[in-house]
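Dear colleague,

I am handing over to you the structure shown below. The notes after it set out what was found, and I would be grateful if you would read them with the structure open.

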Amino acid sequence: MSLIELTNYNLVIENTSLLENLNLSISPGETVCFTGPSGVGKSTLLRNLANAKAFSEGGLGITFTEHKCDFLGQTENIFPWYTARQSLTSLGINEQSLSKYNDLVEEFEIAALFDKNYSMLSGGEKQRISVFSSLCLEPDLILIDEPFSALDVPLKLKCIRGLKQISKDRELALLIVSHDLDIITYLSDYIWIAKQDKTVSVHKNDYICGIDTDEFLELRSSGIYKNIIAAISHR
Amino acid sequence: MDLELQDVFITFFRWFFGVLIGAGLALGWVLVSAKNRKLLSSSLFIYSFFRALPILGMSVLFARISISEMSKILLISWACFFPVVIATARGIMKEKDDLYRRISLLPSSTKVVYRHYLIPQAFVHFLSGVEISLGIGWLTVMAAEIIGTQNRGWNRGGLGELVYISIENGAWGVGIFGLVIFGLLGVASAWLWRRFSKYLWKVLFKSELPS
């Protein structure tokens, strides 16, 4: 049973057709990375899916099953007038729920950020708090747009590892829009590639089959990137 | 003509009550019509129309209707109403951003949307609207005080009338000094409002006012 199913779906914005005749689906526990050239309609599709679920808008050709869904866009995902902790509380995440995710707090390096005002958080800090808050809400599916685009490589790899671990442990499905090859290769089960001809092709991710987290990190930190990543890692 | 402290106080009170009534009515009206988005968005055109009417022209109209103390205050309220109502309405209507989408997906979305999103967002815009209307209030005071200069409420015409008459009669010193006082009052009121906004935000939302 799919969490989302697109059947002959056409993505049209202000009378302009961006993507046509999409037949795609996401099953529980699956991670799908949606990539392709800029401006092809990836983020718009993600927003439309969120609109269809939240407001029942533009949902012709989109079928959702009954499940908890969260959406993280490219702009604000937590309340800009609150501290990070207040934002989490306002979203319904109490201290007890937070304590369940101490490991993730460490992995995402966000312990020191909870009492900072929104305006004091950097782009990367906001992204980490947003993804963390989404995981604390324990949805069945998260729609995420460029989740770690503002992070340095070592921290991004740690966050990817944390996200992958939780999605596997909890059968959490993810639909991630990203251009980031680390996210696409390491995190995804399937890759959707949007093309200029308005179609989307689906590929099973066999690129790193059988490689575990440590191997991947080792691989990622080797070769021509070895020295620069080692330098950045010395925080 | 001599400038007395009483003139400044009278002008200040007219301005204060004018802004208070205008901003209060604007906030009340937006909150009442908040649920009816069509009414809110269509009325923005009407606000833009009335906002553009020249204050001097309106002061003549108000003088035709009444030359009482209340008409002076209502003219200031009139001018202050529109910046606040437009800013606050836009704050409420700016809703379909990523955060709004996100919280609309939550199980308790209605409560979260109103309590943690719409109200704070509208309030941020309301505070900005009031800050603009403070200045517009000072701009309008003089026009309001010229209404029925023979009929002086509280037996004084106020700073605006004093400046007007002084300059008309060539008493430049008093006139320019009066204008400087207007400027200082404007700076002081904006500064005090910003401090008060931060305090009010902290009391209401237990956080720092977003910049």
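Buried area is the accessible area, taken with a 1.4 Å probe, that two parts lose on being put together, summed over both. By that definition, the area buried between chain B and chain A is about 2300 Å². Carbon and sulfur atoms give 59% of that area. Please keep in mind throughout that this is a predicted model.

The interface between the chains

Arg102(B) and Asp70(A) meet through their side chains in a salt bridge, with 2.9 Å from N to O.

Leaving aside residues up to four places away in sequence, Gln86(A) touches Phe205(B), Lys206(B) and Ser207(B).

Salt bridges in the whole structure

Side chains of opposite charge can pair when their charged atoms come close. Over all chains, a search of the whole structure finds 15 salt bridges. One of these joins Arg161(A) to Glu107(A), the closest N and O atoms being 3.3 Å apart. Because Arg161(A) lies in helix H6 (residues 153–170) of chain A and Glu107(A) in helix H4 (residues 102–108) of chain A, the pair ties together parts that are 54 residues apart in sequence. Arg161(A) is partly exposed, with a relative accessible area of 23%.

Another salt bridge is formed by Lys168(A) and Asp189(A), whose side chains meet at 3.5 Å, N to O. This pair also links distant parts of the chain: Lys168(A) is in helix H6 of chain A, while Asp189(A) is in the loop between helix H7 (181–187) and strand S8 (190–194) of chain A, 21 residues apart. Lys168(A) counts as partly exposed, at 41% relative accessibility. Elsewhere, Arg85(A), Glu95(A) and Asp115(A) are joined into one network by salt bridges that share partners.

Glu125(A) and Lys116(A) form a salt bridge as well, with the closest N and O atoms 3.6 Å apart. Are these two partners buried or exposed? Glu125(A) counts as buried, at 14% relative accessibility, whereas Lys116(A) is partly exposed, with a relative accessible area of 30%.

Cysteines

The count of disulfides over all chains comes to 0. A disulfide is a covalent bond between the sulfur atoms of two cysteines. Cys136(A) is buried, with a relative accessible area of 7%. Cys33(A) is also buried, with a relative accessible area of 0%.

Helices H7 and H8 of chain B

Helix H7 (residues 159–168) of chain B is largely enclosed by the rest of the structure, because 7 of its 10 residues are buried. The buried residues are Leu159(B), Gly160(B), Glu161(B), Leu162(B), Val163(B), Ile165(B) and Ser166(B). Their cover includes helix H1 (5–33), H6 and H8 of chain B. Just after H7(B), Gly170(B) takes a positive phi of about 80 degrees.

At 54% relative accessibility, Tyr199(B) counts as exposed. Tyr199(B) and Leu209(B) are 10 residues apart in sequence, and their C-alpha atoms are 8.5 Å apart in space.

With kind regards

Notes. Residues numbered from 1 in each chain as written. Chains lettered and ligands numbered in written order. Predicted model: local features only at pLDDT ≥ 70, side-chain atom pairs only at ≥ 80, totals over all residues. Heavy atoms only, no water. Salt bridge = Lys/Arg side-chain N within 4 Å of Asp/Glu carboxyl O. Disulfide = S-S within 2.5 Å. Buried < 20%, exposed > 50% of the residue type's maximum accessible area, 1.4 Å probe, protein only. Helix = DSSP H or I, 4+ residues; strand = E, 2+ residues; numbered from the N terminus. Contact = heavy atoms within 4.5 Å.
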